[in-house]
Structures are given as structure tokens and as C-alpha cells.
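Dear colleague,

I am passing on the structure below, and my notes on it follow. Please read them alongside the coordinates.

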Amino acid sequence: MSTAPHIATEAPEFPKEHYLNASKGFKSWALTVDHKRIGLMYLVSALTFFLVGGLFALLVRLELFLPGGQFFDQKTYNQLFTLHGVVMVFLFIIPAIPAALGNFFLPLQLGAKDVAFPKLNLMSFYIYAIGAIIAIAAMVVGAVDTGWTFYTPYSLTTNTAVVGTVFAAFVLGFSSILTGVNFIVTIHKLRPPGMTWFRMPLFLWALYSTSVIQLLSTPVLAITLLLLIAERLLGVGVFDPALGGDPVLFQHFFWFYSHPAVYIMIVPAFGVISEIIATFSRREVFGYKFVALSSVAIAVIGFFVWGHHMFVSGQSEFAGMVFSFLTFFVAIPTAVKIFNWTATLYKGDIQLRTPMVYALIFLVQFTIGGLTGLPLGALGTNVALHDTYYVVAHFHYVMMGGVVFAFVGGLHYWWPKITGRMYNEKIGTFAALTLFLGFNITFFTQFLLGFKGMPRRYYDFDQNFAGLHGFSSVGSWILGIGFLIALYCFIQSLRNGPIASKNPWGGTTLEWTTQSPPIAHNFVDTPTVTTDPYDHENSPALTGRVA
Amino acid sequence: MSQQVAVSPDKVIRHRVGHHWPHVELELSGAKLGFWIFLCTELLMFGGLFVAYTYFRSLYPETFSEAHKTLSIPLGTLNTGVLIVSSFTVVMAIRSAMLNQRKAMLGYLYATLLLAAAFMVIKLGFEWPPKFAKGTLPAAFYTYDGLAHVPKPHLFYGLYFVMTGLHGLHVVIGMGLISWLIYLGHKGVLYRGYYTPIEIVGLYWHFVDLIWIYLLPLFYLAG
């Protein structure tokens with residue numbers, strides 16, 4: 001395919017008018033209703049909390065570098081891993097792809113001027129900000145030590161700031177709900193002429209499915225957290241065994257949200273990977289409809305598997321069997337995606353740019369994360385592995401090896417569109433490989449620790465585990481360095497990166513038909529869509545013929 | 001019904017369609033779709049409470065059947081009537097807006113607001129104080145000794161106060177929304193060409209009404 005010359009001949013100039021300079025001053029940002037600016041504010045906030053949550057993680061690994069107490073006492077250690085979890089889950093990973101990249105690119109990929117409710121979009125950002133402030137205040141007042149799951153009855157008796165933290169998560173949930181409402185209505189109502197459902201880029205299908213999950217699960221978390229607060233303040237009794245309540249009910253409620261929540265995190269990452277692989281393989285995504293609908297399938301099936309978090313909780317054995325059986329069904333749509341991406345790569349004209357490197361790393365790491373989930377879904381092996389580092393490793397292979405790598409890859413992919421500047425490929429790829437190395441040293445080691453019987457959440461450990469724990473901690477430092485290199489790559493690009501053209505990668509979706517960075521209203525004229533999303537022959541982003 | 005146009009179109013402030021919407025019908029249908037989705041999330045939130053209610057009622061059936069006798073059926077019924085009438089007035093407010101009858105619309109909105117306030121006064125002024133006095137409250141404040149013969153009576157009151165309390169909070173939020181409509185009505189932006197806010201607050205108000213329709217039998221008539 002001969003798209004490369006077309007891209008190379010462009011001699012880009014930085015556009016005079018774009019969304020960043022369309023209006024000036026603090027108020028123009030604080031009261032903006034432009035989805036791109038809101039997306040950017042989400043991006044900066046999410047990255048900040050990623051840094052904070054990452055520092056907590058590094059401190060946890062630092063303590064675990066050697067057996068015995070090193071730097072912190074037991075309680076501080078419990079607080080550190082709880083804060084790592086709370087910050088990463090509620091403040092970083094849930095908003096990272098949907099609210100930051102999604103906000104920015106949903107209207108651009110759809111061909112719309114904005115999301116359906118721009119003011120609501122701004123409001124959801126402020127609700128996120130308020131939730132974040134409450135969370136930080138609660139951390140300062142008395143950091144929770146319950147783990148991010150807030151299990152009762154311990155969360156009812158600990159003297160740390162449970163109410164504040166839980167209320168923060170409650171508020172953050174509202175932000176998530178409002179974003180979900182906005183995305184769904186936008187996709188239903190603001191598709192331009194010719195943009196049929198099956199002409200939508202796969203990132204949009206992923207965001208749509210994510211929004212559905214957000215809307216159906218978050219309210220249940222909201223009421224669970226509200227009940228937990230009422231439980232602590234009034235003694236409602238529903239979760240407190242001492243009052244005749246049932247702590248397992250809390251776990252059911254909690255996981256009814258929090259299992260689908262892992263799909264809120266991973267499904268948008270799938271969307272990003274589909275975009276990157278399509279662009280850098282110069283091919284249509286193999287089995288486009290299957291990839292699109294598998295997101296929806298994951299959203300649906302994901303609601304019937306929450307009990308697999310509770311195999312050792314004392315729920316009935318029958319319930320355990322049903323949940324175990326259903327859990328294996330999630331593997332089907334997930335495998336559909338993996339196989340279709342691999343088939344897309346086959347005989348593709350592969351361009352090994354940084355986003356593609358991240359996507360390939362994603363494929364490897366996510367596959368490991370997915371396959372190691374199967375023994376956890378099976379009842380017998382689950383009981384043996386449940387409270388060990390095996391679960392920690394599995395979870396991080398999916399969430400970090402999967403979602404975070406997709407997020408950083410997506411950030412590189414869309415960086416030229418967001419900022420109008422290119423980054424240095426060599427530094428970007430070097431960072432990706434450093435992260436790959438650090439990640440696998442840190443977390444593959446933890447599979448081995450888990451198999452050997454190292455329990456999770458423990459402050460201290462036996463001498464037998466010392467070698468592997470030390471090795472894992474060294475990996476965490478390499479990870480830290482990798483992120484610093486990636487950060488340097490972005491800062492260097494902002495300072496003096498080459499100016500980006502409209503379509504530096506040869507992408508085929510609508511965001512590449514508008515200038516980089518886009519104008520405030522995204523497109524000069526409302527686009528009319530006449531081609532499939534990944535048509536590398538006729539896409540207006542490549543031919544320059546905007547219908 | 002008279003079909004007269006009470007406010008001539010030149011007296012209203014004409015609605016401007018959002019720049020990102022192709023036309024006003026799509027804008028209204030988008031707003032309605034969004035709000036229906038939001039109501040689904042509200043329903044799921046209350047759904048969690050209904051699940052908890054079902055679970056504990058099946059665990060302690062005799063507690064629920066005994067404890068419900070301490071609730072006031074007359075006041076509960078009165079409040080049900082108040083909410084049902086307010087659902088009617090809010091519908092009439094939408095109709096009046098569609099007919100450009102601004103005065104009637106404002107009248108119905110004021111009536112709705114008044115009924116909502118009446119609901120809260122009956123609840124907070126007449127229904128709850130005797131409970132505070134008697135101590136039929138959630139566990140942390142429970143002091144009543146008339147239900148010693150059934151297990152865990154405080155659970156009933158825990159659920160009662162959380163569920164009716166959350167519902168009450170929704171009524172108060174509704175009062176805020178209706179006040180906002182009254183403000184918009186006085187400003188003159190609601191007319192035949194644009195009545196989306198009343199339509200949406202109306203949906204919300206019916207939802208609040210509907211939740212109460214379920215709370216009444218579950219708590220007051222639980223025998």
C-alpha cells in the first residue's frame with residue numbers, strides 16, 4: 001500500500017487557530033465546555049494521580065525489598081497499599097482512558113462538534129475534582145488501611161477515615177455516571193451523515209460498551225458505599241454481623257460493581273489497541289464486527305461473574321459453581337479480540353512506531369494476564385491461589401500490563417493530535433522497552449511468589465521468599481525509571497518537538513482529517529462518511545478528499 | 001380545554017439550539033434519552049436497597065411484620081396522596097407550557113412545589129419526631145423496648161430510615177429543580193418551542209413518586 005509518500009510530502013506548519021488558543025485566560029479553561037479542553041484537564045489530573053499512586057506502589061515495594069520491617073510500621077504499610085489501590089482505581093484508571101482520551105476523541109472520531117451535553121461534561125469534571133479533593137483530605141486526616149475493597153466488618157471498626165474515603169469514591173462515581181450518559185447519547189444522536197453503527201471506529205464501540213457498564217454498575221456501588229457510611233454513622237446493621245447483618249452481602253454488592261469495573265478499565269484499552277493496530281498494520285481490523293460486538297458481549301457477561309471474587313467468602317458452593325462456569329464465558333469475547341488483532345497483524349505492512357510497540361507489548365502481557373485468570377476462575381485452583389501473590393500478579397498483568405500500556409500507547413498515538421507536536425521515536429520506544437522489562441521483572445516474579453505460597457497484603461515474609469521479593473522490588477525501580485523516560489519524551493516534545501501534520505501516522509479515522517491540534521469546533525464542515533473506518537485505500541484522512 | 005395562546009411568541013425568549021445539534025427535535029430527544037438513562041441509574045441505586053430489604057425481610061419475617069405496626073399508616077397514606085396529586089400538577093405544567101399558557105404553567109409549578117414541601121413537612125414535622133422520642137431508630141440510637149420479642153428490630157428501622165431518607169433527599173432535590181423551573185418560567189424561556197426542562201424534571205418527579213409507591217406497601221403495609 002502506498003500511503004507513506006503522501007504523508008511524507010506534507011510540510012506542516014503549526015496552525016494559527018486551534019482549540020488551545022481559541023480563547024485565553026484562566027476562566028476560558030475553568031468554564032470551558034469544549035470536550036477537548038475537558039479531556040485535557042482530565043488527562044493532566046489522571047496523570048498526576050498516576051504519579052501519586054505510583055509513588056505509593058514504589059514505597060510498598062521498597063518496604064518489601066527485604067524481610068522484616070524496614071521503613072514503615074505495619075499500619076503505615078496497610079495504609080500505603082490501600083492508598084495505592086484507592087488512588088489507582090478510583091482516581092486514575094477509571095477516568096484515564098474514557099474520561100481523558102475518550103472525551104477528547106469521541107466527538108472527533110464520530111465527526112461531531114462536541115459531546116451531547118457539554119455543560120454536563122464540565123460538571124462531571126468538577127464532580128471528579130471535588131471527589132479527588134475529598135479523597136486527598138481523607139488521606140491527610142487518617143489514611144484508610146482497609147484495602148481498596150473496604151470489606152466489612154473491618155471497615156466498620158478501623159479508626160481511619162473510612163467515611164471520607166468512601167464518600168470520595170461515591171462522588172467520583174457520579175462523575176463516571178454523567179460521563180457515561182453523555183457518551184451514550186452522543187453516539188446515539190450525534191453521528192453525522194453516513195456514520196452508521198458499523199462504520200464507527202472500534203474505540204467508539206469500546207467507549208459505548210464501557211459507558212453501558214458504568215451506568216449499570218456504578219449506582220450499585222453508590223448505594224453500597226452510602227450504606228457503609230450509614231452503617232458507620234447510624235448503625236443500620238445490614239453489613240454488621242454484630243447487629244444481625246451480613247458482611248457477605250457487602251461483598252456481593254461491592255463486586256456487583258467492582259467486577260464490571262475492571263471492564264470499565266480494560267474495554268476502552270481494547271479500543272485503543274484496535275486503533276493502533278489498524279493504523280500501524282495498514283490493514284482493516286480483521287473481523288471488525290466481531291471485535292466491535294465482543295466489547296458489548298464483555299459488557300453483558302461481565303455482570304454475571306462477580307461471585308468469582310468470593311469463592312472463599314462462604315457463599316454457597318452452588319453459587320460458586322455457577323459463577324465459576326459463567327466466568328469462563330468472558331474468556332470467549334476476550335479471545336475473539338486477541339485472535340482478531342493477531343490476524344490483523346498477519347501480512348500487514350507493520351510500522352514499528354512507539355504506539356505499535358506498546359500495542360504489541362499489550363498483546364503479550366494481556367494474554368498472560370488473561371490466561372492466568374482462568375485458574376482463578378476455576379474453583380479448586382482458586383482456593384489455593386486466592387490469597388496469594390498470584391492474584392496480585394494476575395491483576396497487575398491485566399490492569400497495568402494491559403490498561404496502562406494501552407493508555408500510554410494511546411497517549412503516544414494521539415499525542416500529535418492533542419498537542420500538534422511529534423515526540424522523539426527513539427526515546428519513546430526506549431521508554432516502552434524499559435517499561436516492558438521493569439513490568440515483567442516486577443510482576444512475573446509475583447506469580448512465582450504466589451505459587452510458592454506467599455500470602456498477599458502481608459507486611460513481613462519468610463526468608464524463603466526474600467530473593468523473589470527483592471527481585472520484584474528491583475523491577476519496580478526499572479518501571480519507575482521507564483515512566484520517567486516516557487515523561488521526559490513528552491516534555492521534550494512539548495518544548496521543541498517537530499510540528500505534526502494532520503495525519504502523521506497514516507490513520508484512517510476522522511480525527512486525522514482535521515488539523516493538529518484541531519480547531520475549537522473540530523471540523524470546518526460536518527463530515528459525511530462514505531468509507532469503512534479502516535479503509536486504507538479510500539479514507540478521506542489519506543486521500544485528502546473530505547466529502 | 002381552551003387552545004388559546006396566552007403568551008404571544010414575541011414575549012418569550014426564544015431558545016437557541018446548541019451549536020453542536022443539527023436541529024431542535026434531535027436536541028430534545030437527546031435530552032430525554034440522557035435523562036431516561038440517568039433514571040435507570042437511579043433505579044439501580046434504589047435497587048440495591050430493595051435487594052437488601054428483601055434479603056433481611058426473608059431472614060427476619062416476624063420482625064418486619066411486628067415492627068411495621070409502629071409506623072403511621074394514616075400519615076403514610078396522606079403523603080402518598082400528596083405525591084400523586086403533585087405528579088398530576090407537574091403533568092399539567094408541561095401541558096400548559098406546550099399551550100403557551102405561562103400563568104397556568106407557573107400556577108401548576110407553584111402547586112407542585114407546595115405539595116412537595118407538604119410531603120417533607122408531614123414526614124419531618126409529624127412522622128419522624130415521635131420515632132425519635134420513642135427510640136424506634138437505627139441501631140446506634142435504638143432505645144425502644146416494645147419489640148423485645150422479635151429478633152433484630154433495629155434492622156427494620158435502619159432500612160426504613162435509609163430508604164425513606166434517600167427518597168426524602170430526592171424530594172428535596174426535586175424541590176430545588178422545580179424552583180429552578182419557576183425561575184425559568186418567570187424569565188420567560190419556557191414556551192411551546194422549548195419546554196425540555198419541565199419535561200425532564202417531570203420525568204424525575206414521576207420517578208420520585210413511583211419509588212414512594214413501592215416504599216409505602218413495603219414498610220407501612222408489611223404485615
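**Notes on chain A and its partner**

In chain A, 83% of the contacts with a separation of 6 or more are between residues 24 or more positions apart, two residues being in contact if their C-beta atoms, placed from the backbone, lie within 7 Å. This is a predicted model, in which local features need pLDDT of at least 70 and side-chain atom pairs count only at pLDDT 80 or more, while totals for chains, interfaces and linings use all residues. Residues are numbered from 1 along each chain as its sequence is written, and chains are lettered from A, and ligands numbered from 1, in the order in which they are written.

Chain A has 18 helices and zero strands, these being DSSP runs numbered from the N terminus (helices H or I, at least four residues; strands E, at least two). Of its 547 residues, 57% count as buried, that is, with 20 or more other C-beta atoms within 10 Å of their own, the C-beta atoms being placed from the backbone.

Ala541(A) lies in helix H18 (residues 540–543) of chain A and counts as buried because it has 24 C-beta neighbours inside 10 Å. Beyond its neighbours within four places in sequence, Ala541(A) is in contact with residues including Asn503(A), Gly507(A) and Trp512(A).

As for the interface, 28 residues of chain B are in contact with 31 residues of chain A. On the chain B side, the elements giving two or more residues are helix H1 (24–59) and helix H5 (153–187) of chain B, and H1(B) gives the most, with 17 residues.

Best regards

Key:
A residue is buried if 20 or more other C-beta atoms lie within 10 Å of its own, exposed if 12 or fewer, and partly exposed in between; C-beta atoms are placed from the backbone.
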